[in-house]
Amino acid sequence: MGFWRPISRPLPAPPALPCPTAGGGSRPPAAAALYLGTRKGQAVAAAAVATRRPRCPTAAPQRADAGLPAMAAAAAAAASGGGRAPVLSGSSMNPAVRRVEYAVRGPIVTRALQLEQELRQGVPKPFTEVIKANIGDAHAMGQKPITFLRQVAALCVCPELLRHDAFPEDAKARARRLLDACAGQSAGAYSASPGIEAIRQDVARFLERRDGVPARPQDIFLATGASDAIVSILKLLVAGEGSTRTGVLVPVPQYPLYSAALAELGAVQLGYLLAEERTWALDPAELRRVLDEGRRRCCPRALCVINPGNPTGQVQSRECIEAVIKFAYEERLFLLADEVYQDNVYAEGAAFHSFKKVLAQLGPPYTDTVELASFHSISKGFAGECGFRGGYVEVVNMDPEVQQQLAKLVSVRLCPPVAGQILLDAVVNPPQPGEPSYEGFMAEKQAVLSALAQKAKLTQEIFNRTPGIRCNPVQGAMYAFPRIELPPRALQAAQAQGQAPDMFFCMRLLEETGICVVPGSGFGQKEGTFHFRMTILPPADKLQVLLQKLSAFYTKFVKEFS
């Protein structure tokens, strides 16, 4: 390498790497470039690039005379295995992700899984099993799959079964139609991003039967469960910064998907309190209060209603839904109707009313102007097919340009799981009278819903017999959200451990009984009140034992801290 000669004067300091958010950055000057042309110089420079942090606005200032000695030191540090901070660290990661919380699968569930492992290892516990009553997972709680749904799915996944006589002809007919609609006649092929067109047509016909109102397949987007569809709509709504940032009104208590998604997207959650003393009714006056307060710090653009309610189990009246629609019209709010529990209505006199149907019946000016997205899922209802991840959103009165952007947004994820789409089709296109599977299908469906109705009644009865526990009627959905009184010493003990009082209670319940429920603080609740959410899905005999054990533990807990 005879072309190189040592340079007598000091070389300028090598430049900092440009920060992606800062812009700019300079190239090495000529002398440094000459030095970097040598093998030794390249090794030193490469080590420096690997070890030095980008010069971001938040980085510590660097000395202008750092020069090549600093590069050499960095190379030595790298060679010894130290000195290189990770590109992605706790301090540099997306801060919005840190704000995300999801109580349904939070710390108490992590501990429940640890306890299960300890039981398997033979560690002595005051219980023999962990009962995870924290989540609405019907099949995990022992509910049997609906035969017709699984037959259609099995035939689509394994088409060779179409040759077997064990499957009824109506299930085969649906499977053939769905396979014909799949690329390559295979459920393993990608579908169109909004979902298989034949299934969107079946969803539209289902909605027309339900509401008596026309539905268009092009307004229906299939999704990876309702949760995925909800997040997609929220992404369209969130915009602005500071006082112009999008605000979304959500019920309190609420399903933590909403608070988690809004935190991730950087939107403002505006919680409106449901009236516990009136069976968790929605109060338009409370909507007004929260909206007026929210407008002082953000730009409220959307209103979410969960009906039937999660975690509260209420079923909103038609009059309430009318009031909400009129409020949204007057205040120019986009409506999100989470209706995944529409089949789960148990209370006498209660009935499910879809937002779309009520909107259509209200007539002008509401029918043609109020923007609505409504969501449904195969995870709940009578099917309970959580793992297949099937659902949809129907949009009403959405601006055509925005709807095109929604189509683009869902295309980024290619398509929802095709198996989930197939299960969804079997739910919205069930056996009809006269078909071979009709009677068996209806018997299984009614058995599931009747059992849930009985368990809803059992839950509120046992809890309300226990002094200190108050449980509203479980009118619908799959959960109870009882209120518990906690003595002052329990509040002090919780504070000493850095826990919310209801988290403290639920953790003690888990450790001593193996019962896993979710503290009300994970869903939001009126200040000064304490609750927990539990599913009513376990088999009736196991549920009764669970409720009695939980009530007995509560009585013991209160006595301990009184």
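Predicted model: local features only at pLDDT ≥ 70, side-chain atom pairs only at ≥ 80, totals over all residues.
Colleague: Why is it called a cavity rather than a pocket?

Modeller: A cavity is a set of points, on a 1 Å grid over the protein atoms alone, where a 1.4 Å probe fits but cannot get out; a pocket is an open set with protein on both sides within 12 Å along at least five of seven lines. Three cavities of 30 Å³ or more turn up in the whole structure.

Colleague: What makes a residue part of its lining?

Modeller: An atom within 4 Å of a point. Trp280, Thr312, Cys471, Asn472, Pro473, Val474, Tyr479, Ala480 and Phe481 qualify. Seven are nonpolar (Ala, Val, Leu, Ile, Met, Phe, Trp, Tyr, Cys or Pro), two polar and none charged (Asp, Glu, Lys or Arg).

Colleague: Strand S10 covers 479–480. What makes S10 a partner of S14?

Modeller: Pairing needs at least two DSSP bridges between strands (E runs of at least two residues). S10 and S14 have two, antiparallel. Tyr479 stands opposite Thr535.

Colleague: Why is S13 called an edge strand?

Modeller: S13 (518–519) pairs on one side only, as does S10. The order is S10-S14-S13, in an open sheet. Two bridges join S13 to S14 (532–535): Val518 partners Arg533, and Pro519 partners Phe532.

Colleague: How do you know which way the S14 residues point, and whether they are buried or exposed?

Modeller: Phe532 and Met534 point one way, Arg533 and Thr535 the other.

Colleague: What makes a nonpolar core?

Modeller: Buried Ala, Val, Leu, Ile, Met, Phe, Trp, Tyr and Cys residues, joined through side-chain atoms within 4.5 Å. The largest has 121 residues, and Ile233 and Met534 touch the most other members. Helix H16 (438–464) gives the largest share, eight residues. A separate core has 33 residues, including Ile325 and Tyr366.

Colleague: Which residues does Ile233 contact?

Modeller: Beyond four places in sequence, its contacts (heavy atoms within 4.5 Å) include Phe334, Leu336, Phe375 and Leu406.

Methods. Residues numbered from 1 in each chain as written. Heavy atoms only, no water. Buried < 20%, exposed > 50% of the residue type's maximum accessible area, 1.4 Å probe, protein only. Helix = DSSP H or I, 4+ residues; strand = E, 2+ residues; numbered from the N terminus. Points joined across faces, edges and corners; volume = space filled by probe spheres on them.
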